[in-house]
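Trainee: I am new to this one. Could you walk me through how to read it?

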Amino acid sequence: MSRADEPSAEFDQRDEPLISLENVEVNFEKDQGLFDLFEEPDVVKAVDGVSLDIEENDVLALVGESGCGKTTLGKTTIGLQRPTGGTVTYKGQDIWAAKDGDGEIPFDEIRSSLQIIHQDPGSSLNPNRRILNILAEPIKLTHPEAGTSERRERIHALLERVGMNPPSDFADRYPHQLSGGEKQRVALCRALLMNPDVILADEAISALDVSLRVEMMDLMLDLQSEFDTSFVFVSHDLSNARYFAEHGDGRIGVMYLGNLVEVGPADQLIGDPSHPYTNVLRWATPNLSRQSGEAGEPPMRRIDIPDPVNPPSGCRFHTRCPEAREACREVPRLQQSGEAAGHRVACFRDDPNHSYWDSDPLTEEGD
Ligand code: SF4
């Protein structure tokens with residue numbers, strides 16, 4: 001099966017990224033308690049100053065601790081979350097200008113090109129409709145000319161492709177008659193039937209049995225190349241992010257307290273991390289720390305995650321970083337690291353000429 005809407009020649013010539021985020025910020029106001037009603041609301045900077053491109057047929061795995069902003073960044077990338085600062089463009093078109101009626105590409109077209117698979121697919125599948133009817137909806141939108149039998153044929157072929165056999169049996173069922181893994185396959189089918197340019201898989205395998213996770217990731221990657229789409233894969237688990245990015249010949253992006261602190265090819269980033277926080281994630285992932293011989297004491301000064309309402313100034317990781325020095329009171333920018341194409345890191349240690357190397361180590365009192 002192949003995509004029906006190949007990218008236009010005009011878009012190819014522009015040689016622009018499919019999606020481009022420029023200095024994106026997303027702030028949320030925290031819910032106020034009854035006694036705080038007359039106070040200024042607390043603001044969480046869920047995403048703070050992230051710039052990132054998604055290319056055609058790209059695979060990007062976003063990883064980080066709970067609350068680091070990876071899901072918010074993913075949703076902002078596909079136009080589900082409006083940024084409070086910066087821009088997000090799709091094929092050169094500002095997504096939110098399109099939403100406000102100002103643009104060459106209609107917002108509806110952008111939204112249908114950017115799809116999501118949730119952690120809990122059950123919540124997004126209408127419990128009162130059979131799978132056949134759920135999957136017929138996207139075909140009606142993308143191929144309004146298709147008749148009932150053509151729609152059924154396409155749905156059966158896709159259900160068979162994702163391993164739901166016999167397809168006529170599954171097409172006749174309701175969501176509650178499916179297992180978690182089967183629901184996730186239906187969610188994947190529904191996303192693919194929109195002929196998407198990008199699919200955000202938001203912790204899409206986290207709720208599955210461990211034995212099914214690799215199977216589901218392999219299926220997503222097989223279909224990624226067959227359908228000529230890109231994937232943004234959000235996970236709190238570095239070993240899953242590594243598997244997905246390595247097998248999809250893609251990148252891993254590491255988030256920490258709203259910042260993208262390292263991004264690069266999976267083998268480079270896991271084999272030789274440049275950011276001390278990536279090192280922590282590797283240490284915390286048993287099969288990776290065993291490989292690198294790092295099991296033992298955590299490579300950080302403190303376990304506790306700082307309050308996202310009042311994050312540390314300068315490098316946000318400086319209160320936990322074992323390598324922190326006085327120079328880390330400044331904000332490090334994401335910059336090219338080493339020779340590997342696309343490997344960028346936000347850490348002063350990566351620059352041998354930075355004044356970091358002449359500054360004093362930070363003490364606990366100096367935090
Ligand atoms: S900039 Fe400093 S505190 Fe931040 S990760 Fe690098 S060494 Fe650690």
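Trainee: How many residues does helix α6 have?

Mentor: Helices here are DSSP runs (H or I, at least four residues) and strands are too (E, at least two), numbered from the N terminus. Helix α6, residues 148-161, has 14 residues and spans 20 Å from first to last C-alpha, close to the 20 Å expected at 1.5 Å a residue; the expected span is 1.5 Å times one less than the number of residues. This is a predicted model: local features need pLDDT of at least 70, side-chain atom pairs count only at pLDDT 80 or more, and totals for chains, interfaces and linings use all residues. Residues are numbered from 1 along each chain as its sequence is written, and side-chain values use heavy atoms, leaving out hydrogens and water.

Trainee: Which residues of α6 are buried?

Mentor: An α-helix has 3.6 residues a turn, so residues three or four places apart point the same way. In α6, the buried ones are Arg151, Arg154, Ile155, His156, Leu158 and Leu159, where buried means under 20% relative accessible area (1.4 Å probe, protein chains only). Their cover includes α5 (131-142), α7 (167-171) and α8 (180-192). After α6 comes Gly163, with a positive phi near 85°.

Trainee: What is the order of the strands in the open sheet?

Mentor: Strands of a sheet pair through backbone hydrogen bonds, either parallel or antiparallel. Here the four strands run β2-β1-β4-β5, with antiparallel pairing; two strands pair if DSSP finds at least two bridges between them. The edge strands, β2 (43-54) and β5 (93-94), each pair on one side only. Five bridges join β1 (residues 19-29) to β4 (residues 85-90), and Glu25 has Gly85 of β4 as its bridge partner.

Terms used:
Buried means under 20% relative accessible area, exposed over 50%, partly exposed in between (1.4 Å probe, protein chains only). Contact means heavy atoms within 4.5 Å.
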